[in-house]
Amino acid sequence: KWKGEGTTQNLESIVIGRCHDYIRIVNPAVGEKNCSQIWEAFKNAFINKDPCSILPKDYELFINLTFHTIPPNKSLFWENNQLLVNSFADRGRRYMSIGDTLFGFIGDFLNWCGQADSPGLDYESCPTMTECENNAVDSFWRMASTTYAKQSSGVIQVLLNGSAEGGAYPQPGFFADYEVPNLQKDKISQVVIWVVDDIEGPDRDSCGTNSVKTLENRLKTLGFDVTCTDNYKSVMFLLCLDNPDHSKCALASSAPAAQRGPISSD
Ligand code: ENP
């Protein structure tokens, strides 16, 4: 009856399994957590309720149970480049994006919703954002985003997609609406913005133009020290893995090296 996809099959096993994977393998530094209690808190946020009346605060217990600190300088905010961010962050080894926190790790790529007057999950369909904004998934990410932004400290990075249709800094958007307003001025020393275009994609947005300019001005007005870099090299290298022959991917020294031919033995 809803337009969105239904609950992911095996949701309970996935949530409990991801929780164990996270605390034992991905990031044992968070210490002991009770994964079955975390599942109960997650489920109780939305089961037996009208799937359009779920509020961020319904996930409060879930967030309290999964809560851990985010190491300074490791936060990585983003819009419109989830898979790139997943690779770049490397499960928290390089950066800790929201998907590399315990609460974000549990929800990543999943779908879920309940139904009024029934304890069952709805595996057939779930409401989309356009049907109602207070749906189980969006309210989850609003709560997670708010928590993540409030916890971020030191130098924080923002990876934006300069080829995105709606602009690199979409408004409305989770970053604009739930993260920027919750950044803690006294804990954050600098905001580093990276605007990276798709290798084949158009150059729609860059530092100092269009929506990125709006973001830079907003952050400066809030009192943050802001820097912005277009097509940041480390991220470019990662994108170039899949497009090694594209002109944007030529390494500065590689052309002469190739022309030199094979290394001679004398
Ligand atoms: P999209 O639209 O590119 O990607 C949405 C997909 O990313 C969904 O599969 C969603 O999982 C997953 N996801 C991971 N983290 C978030 C998240 N954090 N979030 C919403 N979805 C998330 O992402 P958005 O909507 O632009 O959100 C990007 C935001 O994440 C940025 O604000 C960034 O700073 C933040 P699922 O469970 O829906 O299948 C917050 C909102 O970290």
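**Briefing: sheet and disulfides**

Five strands form an open sheet in the order E3-E2-E7-E8-E9, with parallel pairing. Strand E3 (96-97) and strand E9 (226-230) stand at its edges with a single partner strand each, so one side of each has no neighbour in the sheet. The model is predicted. It holds five disulfides, a pair of cysteine sulfur atoms counting as one when they lie within 2.5 Å.

**Sheet and the helix across it**

- Strand E2 (residues 75-79) and strand E7 (residues 154-161) run parallel and are joined by four bridges.
- Within this pairing, Glu79 has Leu160 in E7 as its bridge partner.
- Helix H6 lies across E2 and E3, and runs at about 140° to E2.

**Disulfide pattern**

- With bonded cysteines counted along the chain, the disulfides of the protein chain follow the pattern 1-2, 3-6, 4-5, 7-8, 9-10.

**Cys19 and Cys35**

- The sulfur atoms of Cys19 and Cys35 are 2.1 Å apart, and the two residues form a disulfide.
- The torsion about their S-S bond is about -75°, so the disulfide of Cys19 and Cys35 is left-handed.
- Cys19 belongs to helix H1 (residues 11-26) and Cys35 to helix H2 (residues 35-44), so the pair ties together parts that are 16 residues apart in sequence.
- Cys19 has 0% relative accessibility and counts as buried, because the cut-off for buried is under 20%.
- Cys35, at 2% relative accessibility, also counts as buried.

**Cys52 and Cys132**

- Cys52 is joined to Cys132 by a disulfide, with an S to S distance of 2.1 Å.
- This pair links distant parts of the chain, 80 residues apart: Cys52 sits in the loop between H2 and helix H3 (60-66), and Cys132 in the loop between strand E6 (125-126) and helix H6 (136-151).
- The link of Cys52 and Cys132 is left-handed, with -75° about the S-S bond.
- Cys52 and Cys132 are both buried.

**Cys113 and Cys126**

- A disulfide is formed by Cys113 and Cys126, whose sulfur atoms are 2.2 Å apart.
- Here the torsion about the S-S bond is about -90°, so the disulfide of Cys113 and Cys126 is left-handed.
- Cys113 lies in the loop between helix H5 (102-107) and strand E4 (114-115), while Cys126 is in strand E6, so the pair ties together parts that are 13 residues apart in sequence.
- Cys113 and Cys126 are both buried.

Methods. Residues numbered from 1 in each chain as written. Predicted model: local features only at pLDDT ≥ 70, side-chain atom pairs only at ≥ 80, totals over all residues. Heavy atoms only, no water. Helix = DSSP H or I, 4+ residues; strand = E, 2+ residues; numbered from the N terminus. Buried < 20%, exposed > 50% of the residue type's maximum accessible area, 1.4 Å probe, protein only. Pairing = 2+ DSSP bridges. Contact = heavy atoms within 4.5 Å. Axes fitted to C-alpha atoms, helices over the stretch in contact; angles between N-to-C directions.
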